[in-house]
Amino acid sequence: MQITMTINGEQYTREVESRMLLTHFIRDECGLTGTHWGCDTSNCGTCAVLMDGEPVKSCTVLAATAAGHQIRTVEGLEVDGVLDPVQEGFSAEHGLQCGFCTPGMMLTARALLDHNPNPSEAEIREAISGQICRCTGYAMIVRSIEWAAAHPSAVEPVQEVNA
Amino acid sequence: MMKLRLAAPEYLIDIDPLAGELGYIREHEGEVRIGAMTRHRDILASELLARRLTMFTDAERLIADPLVRNRGTIGGALCQADPAEDLSSVIAALHGRAVIRGPSGEREISMREFHVGPYETVVGPAEMLVEVRVPLHESGGSAYEKVKRRAGDWAVAAAGAALWMSGGTIEGAGIGLTAVGGGVTSERAEAALVGNQPSEELFAQAATLAAEHCDPVADQRGSVEYKRHLAGELTRRALRRAAARALGEEA
């Protein structure tokens, strides 16, 4: 079947099997591999993307269901070379170690801050409770999101890390 | 269900476009009507449910996680019919009914008769669950208590209680049990409550009946003895909170 959806503002039309999952559509059909594919059972949340602005687990949405909807992936956080405050926050507060959960964590954080610009620590923890960091770096992920909340219009370039 | 290889449909119809039409929570002639495609997050956010049928709010807080709640629907949860699914026992405890629509019209069935077995319901091949109806009572209160191993997991066991009062006496009661086998309610526990005044002794008696009535199986989430203990203890806690809410002592 042929489906069309908008990902990061760009239209993608593809001929796909009706059983194809959104995560595979994004990665394999559109080549946007920033969205990760983890447990495939709605547990780990690394596949989180925004569908019409709300975080969803793309391993549990059929691509056909997402047809006609607006999808935002981690590639859509940076705009014209300017990082999203959430990305800046993850850099400033060391919110990632292996990076596997990071795309999903950042998108959930973006959606949280869109609805609630000044979340409490408990609200941040609730928002990311459907996502697993296999490095167990939750404290720093929470601090990264707090940083983003405190710097809503951060536009400074990412600090270079000493090699 | 498909990814778990529990279902292998030859044809798949995407009903997601019906979410607008079948997504609602409204009060209607002494009951609350919830459309089958109402998302978990909207049930959690409902002020009407929080005020009148608090058990829904209690349960929704602990169903899966926010991302799953953004997509999952009440109808999907009920029709998946997982033995550890929460809303089945919530609605059964509240004496709710399911509205099923098919080619020959609509039929209404008690939530207590909705499940045929694990992953099986009375909804036929050409039918669809379209609505859930839950009666409202003046001086009613309800609560749901759940134990799970970690955030987002299914229940080890859970129990819900609904009470409605007349004067100082329990006029009607509902007990819902989740993930402990033996049906989603305990009618013996309910019968023990009706006509009596709420008290710790009465709740302990009902909790014992609920624990005796359930029929859990041992699995990776716990032993039969542990789950039976939870069924009793969680019933007792849910009854305490339901009574406090019915009497206006607790939000």
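Reply: Let us begin with a definition of exposure: a residue is buried if 20 or more other C-beta atoms lie within 10 Å of its own, exposed if 12 or fewer, and partly exposed in between. Please keep in mind that this is a predicted model.

Me: How does that rule apply to H94(A): is this residue buried, exposed or partly exposed?

Reply: H94(A) has 13 other C-beta atoms within 10 Å, so it is partly exposed. This residue is found in the loop between α3 and α4 of chain A. H94(A) also has a positive phi of about 55°, although it is not a glycine.

Me: What is the overall make-up of chain A, in helices and strands?

Reply: Chain A has six helices and five strands. Read from the N terminus, the order of its elements is β-β-α-β-β-α-β-α-α-α-α.

Me: What does the radius of gyration say about chain A?

Reply: For 163 residues, a compact globule would have a radius of gyration near 15 Å; the value for chain A is 16 Å, which agrees. Along the principal axes, the C-alpha atoms of chain A fill a box of roughly 45 × 35 × 30 Å. Of the 163 residues in chain A, 45% are buried. Among contacts in chain A with a separation of 6 or more, 61% join residues 24 or more positions apart.

Me: How should I read a sheet, and in what order do the strands of chain A lie?

Reply: Strands of a sheet pair through backbone hydrogen bonds, either parallel or antiparallel. Here, five strands of chain A form an open sheet with mixed pairing, in the order β2-β1-β5-β3-β4. The edge strands are β2 (10-15) and β4 of chain A, each of which pairs on one side only. From one strand to the next, the twist averages 40°.

Me: In which sense do β1 and β2 of chain A pair?

Reply: Strand β1 (residues 2-7) of chain A pairs with β2(A) in the antiparallel sense, over six bridges. To see one such bridge, find T6(A), whose partner in β2(A) is Q11(A).

Me: Which helix lies across β3, β4 and β5 of chain A?

Reply: That is helix α4 (residues 102-115) of chain A, which runs at about 35° to β3(A).

Me: Into which domains is chain A divided?

Reply: Chain A is divided into domain 1 (2-76) and domain 2 (85-150). The contact between them takes 16 residues from domain 1 of chain A and 12 residues from domain 2 of chain A. On the side of domain 1 that touches domain 2, β3 (48-51) and β4 (54-57) of chain A each supply at least two residues. The largest share of that side, three residues, comes from β3(A). By class, the residues of this side of domain 1 are seven nonpolar, seven polar and two charged. The C-alpha centres of the two domains of chain A lie 21 Å apart.

Me: Turning to chain B, how many bridges join β9(B) to β10(B)?

Reply: Nine bridges join strand β9 (residues 155-166) of chain B to β10(B), and the two run antiparallel. W164(B), for example, stands opposite G172(B) in β10(B). The two strands form a hairpin with two residues between them, and G167(B) in the turn has a positive phi of about 65°. Seven of the 10 residues of β10 (residues 169-178) of chain B are buried, so this strand is largely enclosed by the rest of the structure.

Notes: Residues numbered from 1 in each chain as written. Chains lettered and ligands numbered in written order. Predicted model: local features only at pLDDT ≥ 70, side-chain atom pairs only at ≥ 80, totals over all residues. Domains from an automatic or database assignment. Contact = placed C-beta atoms within 7 Å. Helix = DSSP H or I, 4+ residues; strand = E, 2+ residues; numbered from the N terminus. Nonpolar A, V, L, I, M, F, W, Y, C, P; charged D, E, K, R; others polar. Pairing = 2+ DSSP bridges. Axes fitted to C-alpha atoms, helices over the stretch in contact; angles between N-to-C directions. Rg over C-alpha atoms; globule rule 2.2 N^0.38 Å.
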